[in-house]
Amino acid sequence: MDLSRLRGGSGPGIRLKGAQPAPVVASNAYAYYGTAINISGINISAGMTQLCSIDVPAGKEMIVLEAQIASGLTSTQQAAYWEFEKDGEVVLSTGNVLQSADRMMIVGKIGGETTDRLVSNLVVNSNMKIRAHKPAGTSVTVQVTYILTERS
Amino acid sequence: MMQIINLPDGVTLNINEGATFHPEGLPDNRAVYTIKNQVATSEGMPLQLFAGNYYCQPGDTVQLQGDITDSSGNTATEINLPVTVKMPLVRHANGQPTTDEIYLNVALVNGVITATGKIERSGDWKILIERNNEALQRIGADFKLVAGDITFLA
């Protein structure tokens with residue numbers, strides 16, 4: 001994490017907007033706090049499909065703690081490609097196999113998965129998008145967890 | 001067509017038509033199983049459950065075995081894992097979980113779970129079912145366990 005991006009408030013310098021976000025992980029041994037976006041039933045066409053677009057409110061920065069795609073594919077189907085766009089620029093992308101049991105971590109730091117886990121705590125100033133290319137007629141689930149901080 | 005969803009914190013979410021936003025989290029559709037016929041051993045010797053705890057010595061190799069059973073009480077023989085996975089054992093202090101974990105090796109064959117590992121240090125080590133359900137979810141398992149937490153006092 002780039003701590004220089006965390007400013008304002010007290011303690012470690014994080015000023016969260018509004019109420020304390022809810023714990024994302026259920027077990028209190030590893031509870032961490034953030035706001036979770038969960039989207040299911042995103043149908044993907046044969047071409048590159050935008051799975052979600054998230055706009056950050058003015059005056060805020062979004063620290064993305066975790067972003068992942070989970071599929072409902074059979075083991076014989078494969079995902080070809082995904083990409084993560086931050087503030088108008090594709091910053092992360094890969095071609096990979098996404099099978100039924102896989103969860104592709106685009107951004108994240110909690111282990112257990114065997115697929116991509118590229119960076120942690122990615123900071124978004126205005127907008128982020130996640131896209132993927134997979135066989136037509138399949139649907140995926142996207143989960144994004146973040147905190148908002150004040151931008152000075 | 002896009003759906004535009006304004007979140008309470010000012011974030012705006014754009015998703016495709018037909019997709020569903022879940023403000024309360026994704027629905028949990030995993031099948032639910034329980035653990036029956038649970039047997040614990042230490043260095044191959046049976047451990048007796050006393051006051052809710054299994055007592056063993058630091059450095060002992062412990063093993064926990066049980067049947068994964070469905071709502072009818074039948075062993076779910078269709079449940080198998082192709083590889084040996086890890087089961088977290090979380091050390092507690094004064095009744096509270098710490099971030100200190102060790103991992104047992106877990107084989108799950110024809111609905112029979114066998115977890116084996118060495119508890120090197122003295123302490124209150126617990127298998128937290130919810131923590132393990134999170135681990136199962138992470139590896140894409142389509143089931144979860146409902147059972148009490150299991151404690152080894154070493």
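pLDDT is the predictor's confidence in each residue, on a scale from 0 to 100. Keep that in mind as you look around, since this is a predicted model, in which local features need pLDDT of at least 70, side-chain atom pairs count only at pLDDT 80 or more, and totals for chains, interfaces and linings use all residues. Residues are numbered from 1 along each chain as its sequence is written, chains are lettered from A and ligands numbered from 1 in the order in which they are written, and side-chain values use heavy atoms, with hydrogens and water left out.

**Stop 1: confidence**

Colour chain B by pLDDT to begin: its mean is 90, and 99% of its residues reach 70 or more. For the model, the scores are ipTM 0.71 and pTM 0.63.

**Stop 2: Glu85(A) and its partners**

Now for the salt bridges (a side-chain nitrogen of Lys or Arg within 4 Å of a carboxyl oxygen of Asp or Glu). Over all chains there are 9 of them. Select Glu85(A) and Lys129(A), whose closest N and O atoms are 3.9 Å apart in a salt bridge. Glu85(A) sits in strand E4 (residues 81-86) of chain A and Lys129(A) in strand E8 (residues 127-133), so this pair ties together parts 44 residues apart in sequence. Strands (E, at least two residues) and helices (H or I, at least four) are DSSP runs, numbered from the N terminus.

Are Arg131(A) and Glu85(A) buried or exposed? Both are buried, as is Lys129(A); buried means under 20% relative accessible area, exposed over 50% and partly exposed in between (1.4 Å probe, protein chains only). Bring in Glu83(A) as well, and you have a network of salt bridges linking Glu83(A), Glu85(A), Lys129(A) and Arg131(A).

**Stop 3: a helix and a strand in chain B**

Move over to Arg131(B), which forms a salt bridge with Glu101(B), the closest N and O atoms being 2.9 Å apart. Arg131(B) belongs to helix H1 (residues 129-138) and Glu101(B) to strand E10 (residues 96-109), both of chain B, so the pair ties together parts 30 residues apart in sequence. Both Arg131(B) and Glu101(B) are buried.

**Stop 4: two rings**

Finish with Phe50(B) and Tyr55(B), a tilted aromatic pair with 6.3 Å centre to centre and 50 degrees between the planes. Rings of Phe, Tyr and Trp (its six-membered ring) pair if their centres lie within 6.5 Å; planes under 30 degrees apart count as stacked, over 60 as edge-to-face and the rest as tilted. Phe50(B) is exposed at 57% relative accessible area, while Tyr55(B) is partly exposed at 41%.
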